[in-house]
Structures are given as C-alpha cells and as structure tokens.
Amino acid sequence: QVQLVESGGGLVQPGGSLRLSCTASTNMFNFYVMGWYRQAPGKQREMVAVITNSGNANHADSVKGRFIISRDNAKNTVYLQMNSLKPEDTAVYYCKASRFGYEAWGQGTQVTVSS
C-alpha cells in the first residue's frame, strides 16, 4: 500500500511556471508507470503525463511543449515541470503509481493559474 504525497501546487500567474513533486513511501522503481492526472471542477479527470520506470514519457496533447514529466527513482519522486501555464490548467493535480494488478493515487495538490 504505497502512499503518494504531492507538493508544489499553488497560485501562479498566466505564463508562469510551477514544479510539482510526488514522493512515494516505497521504492518507486517497483511501479512500472508513474503519472500525473488533473481534474478541474465539473470536469472529468484527465491524464496529463505518464512515465515508465525506464524514463519513457508521454504527455497529453494539451500540455505538450509546456509540461515535462520526470522521475528520480533514487529519491522515489516524480516531477511535473509546468511552463507557460494557462488559466485552463487550473485543477487539482494527482499523482498515480501503477504496476500489474495495482494502482495508487495521491491526495492531490491544487494548481490555480490566475492574475
């Protein structure tokens, strides 16, 4: 039962940058895929970016060129660097860990993009 703790959220102006981090309570390398998802009020949760234990990453079309996911298995941490933030990026961002037959979610961290 891995625990995932997100941090780094907050209020940022449009065009600004923010870096989220997610730290796992167990060895992150055991999880084949780590990812970031987000959910805005009244909208469904969507995948933002995912990354395998070998570093192969995919980003949603809506964030390609702006967001970058990375992971540091030695630190049991996955990051989401968010650049050129837009108001529509406002959401609660959740960290997800998954492997065969198991998945876990963090509690989420609020990101608000506003002037």
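A salt bridge is a side-chain nitrogen of Lys or Arg within 4 Å of a carboxyl oxygen of Asp or Glu. The legends below concern a predicted model, in which local features need pLDDT of at least 70, side-chain atom pairs count only at pLDDT 80 or more, and totals for chains, interfaces and linings use all residues. Residues are numbered from 1 along each chain as its sequence is written, and side-chain values use heavy atoms, with hydrogens and water left out.

**View 1. The salt bridge of K96 and E103.** The closest N and O atoms of K96 and E103 are 3.2 Å apart. K96 is buried, with a relative accessible area of 15%, whereas E103 is partly exposed at 45%. Here buried means under 20% relative accessible area, exposed means over 50%, and partly exposed lies in between (1.4 Å probe, protein chains only). Elsewhere, salt bridges that share partners join R38, E46, R66 and D89 into one network.

**View 2. The salt bridge of D89 and R38.** The side chains of D89 and R38 meet with an N to O distance of 2.9 Å. D89 lies in the loop between β8 (77-82) and β9 (91-99) and R38 in strand β4, so the pair ties together parts that are 51 residues apart in sequence. Strands (E, at least two residues) and helices (H or I, at least four) are DSSP runs, numbered from the N terminus. Both D89 and R38 are buried.

**View 3. The salt bridge of D61 and K64.** Are these two residues, D61 and K64, buried or exposed? Both D61 and K64 are exposed. Their side chains meet at 3.2 Å, N to O. The count of salt bridges in the model comes to five.

View 4. Strand β4 (residues 33-39) runs antiparallel to β5, and six bridges join them. Two strands pair if DSSP finds at least two bridges between them. R38 stands opposite E46 in β5. Six residues lie between the two strands of this hairpin, and in the turn G42 has a positive phi of about 80 degrees.

View 5. Strand β5 (residues 46-52) is mostly covered, five of its seven residues being buried. Three bridges join β5 to strand β6 (residues 57-59), and the two run antiparallel. I51 stands opposite A57 in β6. In this hairpin four residues lie between the strands, and G55 takes a positive phi near 95 degrees. In a regular strand the side chains alternate between the two faces of the sheet.
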